[in-house]
Structure formats: C-alpha cells, structure tokens
Amino acid sequence: MAYYTDLFSPETYEAFTQSDQSISGFRLRQKNAASKIRPGDKLVCYVTKISRWIGILEVTSEYFESNTPLFYEDDPFVIRFRVKPLVWLAKEKAVPIHENHVWEALSFTQSHDKNSSHWTGKMRNSLNPLSMEDGRFLEELLERQKIDGHIYELDEAQYRKLVGQRIRREDKVVSVSVPQEDELEKEARDEQTIRESYQIQALLARIGEAMGFTIWLPRSDRSNIIREWTPNDGVLLDVLPLNYDETTLKTIEQIDVLWLQRRSIVRAFEIEHSTAIYSGILRMADLLALQPNMDIRLHIVAPYSRKEKVMQEIQRPVFSLLERAPLSEICSFISYDSVRELSDTQHLSHLSDSVLEEYAEEA
C-alpha cells in the first residue's frame, strides 16, 4: 500500500462531493503516473486555492480510460480509478496545510518558510507519491477530524468566487473566473521589484542558453539583464528569425524571454512583477489571437504570493474564447522560487525544456 496526492480545485471538490464519490478522475497527461497505482493504495486529497487537506480515497481498481461524462458535460478527467471514500470532509472541517501542527509534521513543508514556494513540489500535480510517514500522518489527522474535528472558518462569499463559473465555447465548456478589482491594488513598479524581475529574466535566459536554445529579450530590457547574464556569442538574437506580419512581430518582440530553436519559438515567458498582472497575460492573448496556429508553450512567471491572482486572470471569460483553445489550457504559472530552483539544477545542459513541466502549475 502506498499514498499519493489527489488535488482538487474548489470547483472539482464541489463536483466530486455532489457525485456518488465512487470514481476519481485525472487528465490524460497523467496516464503514466496512474499506471503505477494499485488497488489498496490511498489518495490523500487536497483542495488548492484554499490550501486544505480534505479527504482520503482508497483505490479499488486499476486505472481505466473513459470519455463518459461524469463530473462535467465536457469532462477532461478521462483517466479514472474506482475509489472508496474513507474520509471526505466538509470544506469547513478540511485542515489547512499552514496550521503549525500540520506544517511542522510533513517532511516536504517542515523546513520551509510558509510564504515561499519551495515546499510546493509535491502539490503541483496529482498522483505524486507521498512518503509512508507523511501519508499515515495525514490519514490519521483526517480520520480524527472526521470524528471530532475543529472548524476552520471560511469566507463563503470568497469561496464561491473561487468555485467560478462555466461557459460554452463552440467546441467545449470551460471554467472561467471574474476577478474582483481591488481599488487599493496599484502598479508596484518600485526599484526593488523591477530589479528582481530583471534577475528572473536573466535566470531564464541562462537556463535556456544552457539547454541549447538561442534567446530573445526585448531591446528595452537588455542593458539591465546583461548585468546579470553574459551570453556566449550568437546566443542573444539581434533579430527574430520569424516570418510573421509586422503586428505579430511587434507583439512577439515585447515578450520578456523567448527560447528559440532555429526558426521556431519553443517557450515564451512573461515576468509579472506588478500587482495588476495584466500586461504579460494580455500580450500572450494578443499573440494567440494573431496566430491561433502557433504551437508554443506559454508561461507567466511571478512571485508565489501572486499565483492565485495570475490563475484568476488567465481564466477571465474573454481569454476562454481564443480560437486555438482557452488561455488557461495553454499558459501556465511558474514562481520566482521555482526559476531559482531550476537554475541551481546540476547538468542543465543534459536536460530538455520538458523539465519545466515539473515546475509549471496549470490554472
């Protein structure tokens, strides 16, 4: 018997709660991870956005693949297990991971600052293995919570905003969010945050160079970035080798970091150091509107404290209607801490850019 993570958003938590709770589903890209799970293994369930442990599901079958809608009309969770709920808590009784007695007991959180993202590796995807000690601790914790648990207050109005809404495209139904504007939020373009954003651009450029890519940086940023990164000859491009119309090229040229292989963009990164989180996301959306057939991976890079804001903005209704696909399915979030962690990885030159999927978090 082994323990694995099973991540829910508030929306999927509500959908599973309202179902007969006999099947837990995962996206197709998790098929390989699912193949390692056996009947008798246990899924330790965690709700993102509210950061709470919510339940324990015992796996009662091998995985199977099915397109039959279970949770939604257009259900993306096609890799499935039959499960038996051992614990399934109301959201008010779900246990926050940041509670001291939880944080200090788990091997992957206890040595980290609660405000950093260094601890999040286990919680970026479902079906990550947990140690036997962590799994048993969480199972016993949630069993006690089911019988005589503490109530952890939750703002119901704020929670309902996190659950979001669903709208229909021509090809599918997708989740969207409508962020509430905070009149106190202003552009935080102070010297310290701008300098940090240049440092992150430089790290991304250095990582891309180590992996064998050529690099594009906006001309207006270069003098600041090359103070942090000295490229080898021919790595930093003077001209983009792309055949697009002038409007598209002007949009692409403003993206914070591009990794290119010959004449193709492989990865595009926007670094968001301001509180509004708009400019980079809009630029990504503009690019996809201009070139809907462009097949590249897009990433918004920001401080971990801004993650939920980024996720909400990516899920705005207007971005769900892009021709190629909703922006939330194409563009992911990477924290500053994750960029620093990746930059410290040994033998970067032996890694492919797919390693970013271990650090990227999807909306």
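Mentor: Two strands count as paired if DSSP finds at least two bridges between them. By that criterion strand 14 (residues 297-302) and strand 15 pair, in the parallel sense and over 5 bridges. The model is a predicted one, and the whole protein comes to 12 helices and 15 strands.

The pair belongs to an open sheet of 5 strands, in the order 11-12-13-14-15, with mixed pairing. Its edges are strand 11 (214-216) and strand 15 (331-335), each of which pairs on one side only. From one strand to the next, the twist averages 25 degrees. Helix 9 (residues 279-290) packs on this sheet and touches strand 13 (264-271) and strand 14; the direction of helix 9 makes about 170 degrees with that of strand 14. Helix 12 (residues 336-343) lies across strand 13, strand 14 and strand 15, and runs at about 75 degrees to strand 15.

Where do the residues of the parallel pair face one another? Leu298 stands opposite Cys331 in strand 15, and His299 stands opposite Ser332 in that strand. In a regular strand, side chains alternate between the two faces of the sheet. In strand 15, Cys331, Phe333 and Ser335 point one way, while Ser332 and Ile334 point the other way, and all are buried. Although strand 15 is an edge strand, it is mostly covered, with 5 of its 5 residues buried.

Beyond residues up to four places away in sequence, Leu298 touches Ala268, Met284, Leu288, Leu327, Ile330, Cys331 and Ser332. In soluble globular proteins, nonpolar side chains tend to be buried together. Here the largest nonpolar core holds 31 residues, of which Ile252, Leu258, Leu260, Leu298 and Leu327 touch the most other members. Two or more residues of this core come from each of helix 8 (246-253), strand 12 (257-261), strand 13, helix 9, strand 14, helix 10 (307-314), helix 11 (327-330) and strand 15. Helix 9 supplies the largest share, 5 residues. A second, separate core has 30 residues, including Met211, Leu217, Ile225 and Leu356.

Helix 8 shows how one of these contributing elements is placed. Its buried residues are Thr248, Leu249, Thr251 and Ile252. Seen down the axis of helix 8, they fall within an arc of 160 degrees, and therefore line one face of the helix. The elements that cover them include strand 11, strand 12, strand 13 and helix 9. At the start of helix 8, a side-chain oxygen of Asp245 comes to within 3.1 Å of the backbone nitrogen of Thr247.

The protein as a whole provides the setting for this part. Of its 363 residues, 52% are buried. Among contacts with a separation of 6 or more, 70% join residues 24 or more positions apart.

In summary, strand 14 and strand 15 form a parallel pair, strand 15 is mostly covered, and Leu298 is among the residues that touch the most other members of the largest nonpolar core.

Conventions
Residues numbered from 1 in each chain as written. Predicted model: local features only at pLDDT ≥ 70, side-chain atom pairs only at ≥ 80, totals over all residues. Heavy atoms only, no water. Helix = DSSP H or I, 4+ residues; strand = E, 2+ residues; numbered from the N terminus. Axes fitted to C-alpha atoms, helices over the stretch in contact; angles between N-to-C directions. Contact = heavy atoms within 4.5 Å. Core = buried A, V, L, I, M, F, W, Y, C linked by side-chain atoms within 4.5 Å. Buried < 20%, exposed > 50% of the residue type's maximum accessible area, 1.4 Å probe, protein only. Arc of directions from axis to C-beta. Polar contact = N/O pair within 3.5 Å; in protein donor to acceptor, adjacent residues only side chain to side chain.
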